[in-house]
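Open the model in your viewer and keep the sequence panel beside it.

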Amino acid sequence: MHAYTESGSGGGQVGRKPTIDREELARRVAEGMSVQELAAHFGVSESGVLQAKRAAGLAKPMLDHSAALPWKLAREHAQSGPATNLRNLSAAAQGKPPAAERLNTALRWAQRLVDAGLDVRYDAAGGFTEVPAAPQGSHVASVLAAARKALDTR
């Protein structure tokens with residue numbers, strides 16, 4: 001049995017750091033307890049729970065959206081419509097589609113661009129702009145195709 005400690009006070013006892021038992025954590029995660037519920041149960045922060053889940057191999061692997069968003073986005077553009085839609089299509093392509101309404105929004109957005117012969121361009125100063133698709137193909141079309149392929153095989 002291995003315990004993880006988190007610095008700081010908690011659990012109501014002075015001088016004792018809260019611990020998260022790996023076996024109990026695995027059991028509670030399997031039962032469907034949320035990170036917030038786990039934090040309250042173990043008397044640690046949500047960050048402490050996430051750290052313990054990663055260490056115990058219980059964290060879901062992060063999705064990689066670098067193919068869908070190959071640009072270094074300025075902070076103010078990270079949650080823009082195009083960025084969000086590309087991330088949602090990327091998640092679908094990786095087998096983890098977002099909620100139906102978010103996925104449908106992304107699919108409609110991408111299909112509208114493809115049907116109009118458009119693509120997106122990004123620059124940190126101006127953000128995303130719609131531009132004519134290059135003759136060799138469109139970035140949006142390729143991200144859309146990967147999402148549709150994954151969705152069709154589900």
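Leaving aside its neighbours within four places in sequence, which residues is Glu 24 in contact with? Select Glu 24 and display what surrounds it: the contacts, with those neighbours set aside, are His 41 and Phe 42. Bear in mind throughout that this is a predicted model.

**Stop 1: Glu 24.** Colour by secondary structure, and Glu 24 falls in helix α1. Is Glu 24 buried or exposed? Its relative accessible area is 17%, which is under the 20% cut-off, so Glu 24 counts as buried.

**Stop 2: the α1 and α2 pair.** Now select residues 22-30 for helix α1 and residues 35-42 for helix α2. In general, two packed helices are described by the angle between their axes and the distance between the axes. Here the angle is about 145 degrees, and the axes lie 11 Å apart. The crossing of α1 and α2 is right-handed.

Show side chains at this contact. From α1 come Glu 24, Leu 25, Arg 28 and Val 29, and they meet Leu 38, His 41 and Phe 42 of α2. By class, the residues of this contact comprise 4 nonpolar, 1 polar and 2 charged.

**Stop 3: the whole chain.** Zoom out and switch to cartoon. There are 6 helices and 4 strands, and their order along the sequence is β-β-α-α-α-α-α-β-β-α. Of the 154 residues in the chain, 34% are buried. Among contacts with a separation of 6 or more, 46% join residues 24 or more positions apart.

**Stop 4: confidence.** The chain has a mean of 88, with 88% of residues at 70 or more. Select residues 5-13 next, where the pLDDT is below 50. Beyond near neighbours in sequence, this stretch has 15 contacts in the model.

Notes
Residues numbered from 1 in each chain as written. Predicted model: local features only at pLDDT ≥ 70, side-chain atom pairs only at ≥ 80, totals over all residues. Heavy atoms only, no water. pLDDT = per-residue confidence, 0-100. Contact = heavy atoms within 4.5 Å. Axes fitted to C-alpha atoms, helices over the stretch in contact; angles between N-to-C directions. Helix = DSSP H or I, 4+ residues; strand = E, 2+ residues; numbered from the N terminus. Left-handed = near helix turned anticlockwise from the far one by under 90°. Nonpolar A, V, L, I, M, F, W, Y, C, P; charged D, E, K, R; others polar. Buried < 20%, exposed > 50% of the residue type's maximum accessible area, 1.4 Å probe, protein only.
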